[in-house]
Amino acid sequence: MIPARGGSKGIPGKNIKLLGGKPLIAYSVEQAMASKLLSKVMVSTDDKVIAVLAGEYGAEVPFLRPDELATDTTPSIEVIKHAVAFLELQGEYYDAVCLLQPTYPFRKKGFIDEAITTFIEKKTDSLVSVLPVPHQFNPHWVFEADEKGSLQVVTGEKEIIKRRQDLPQTFFRDGALYLTKISSIKQGTLYGDNLSYILTDSQLYVNIDTSGDWEIAEQKLSHFLAQI
């Protein structure tokens with residue numbers, strides 16, 4: 001499932017803006033269509049132009065998302081729940097949802113199927129794509145101020161880990177992919193009780209929200225194209 005609103009404050013018309021001569025949403029649709037393990041590729045949108053473009057690249061657009069689920073504050077989980085409920089009313093039932101955000105256009109070839117395979121093997125409720133947190137931002141080296149203006153390590157440790165080599169490895173969600181069992185979706189969570197992960201390529205990482213992000217995407221486009 002690829003969620004794509006028509007409105008965008010940071011970059012007007014972002015999802016249909018051309019990146020390397022192709023609408024931004026087309027990258028995620030094409031990658032999903034190339035998967036051998038996804039049984040359906042659909043776009044949830046409130047915008048007729050996006051719907052037409054998504055269909056041209058092979059995705060199904062079985063409905064236009066209601067306006068109340070197309071604001072810039074609408075949680076992704078509500079958009080997914082709406083889509084799952086719609087499909088089940090049509091007699092379509094699935095094991096899990098793979099969420100691909102169109103604002104993350106660069107996924108290496110075979111990445112989606114690699115993630116699905118890992119998800120199945122790990123037998124977890126969900127899987128997310130991640131990148132390592134740079135050591136200088138590791139939560140064991142990050143501080144927060146208390147009401148007295150004193151700094152405390154956010155992890156609650158009294159002693160600061162002194163050596164970079166002793167820091168535990170930590171990760172952040174990069175937004176390339178989320179996989180979640182339908183049972184967890186219906187409970188209102190993208191993560192469930194057990195969460196696994198897959199590493200992505202830092203050289204492909206860009207999550208487009210601003211014009212600066214778009215410039216980064218243009219800079220990384222050639223590197224992405226060289227991998228597909």
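Helices (H or I, at least four residues) and strands (E, at least two) are DSSP runs, numbered from the N terminus. This is a predicted model, in which local features need pLDDT of at least 70, side-chain atom pairs count only at pLDDT 80 or more, and totals for chains, interfaces and linings use all residues. Residues are numbered from 1 along each chain as its sequence is written, and side-chain values use heavy atoms, leaving out hydrogens and water.

Let's start with helix H4. Its twelve residues, 111-122, reach 16 Å from the first C-alpha to the last, close to the 16 Å expected at 1.5 Å a residue (1.5 Å times one less than the number of residues). Just after H4 comes Lys123, with a positive phi of about 55°.

Buried here means under 20% relative accessible area (1.4 Å probe, protein chains only). In H4 that applies to Phe111, Ile112, Asp113, Ala115, Ile116, Thr118 and Phe119.

| Partner of H4 | Residues |
|---|---|
| helix H1 | residues 24-33 |
| strand S5 | residues 96-99 |
| strand S6 | residues 126-132 |
| strand S9 | residues 171-181 |
| strand S10 | residues 195-199 |

Now for the whole protein. Its secondary structure comes to six helices and ten strands. The radius of gyration, taken over C-alpha atoms, is 19 Å, close to the 17 Å that the globule rule (2.2 Å times the number of residues to the power 0.38) gives for 228 residues, so the protein is as compact as a globular protein of that length. The C-alpha trace spans about 55 × 40 × 35 Å along its principal axes, and 43% of the 228 residues count as buried.

Definitions and conventions
Buried means under 20% relative accessible area, exposed over 50%, partly exposed in between (1.4 Å probe, protein chains only). Contact means heavy atoms within 4.5 Å.
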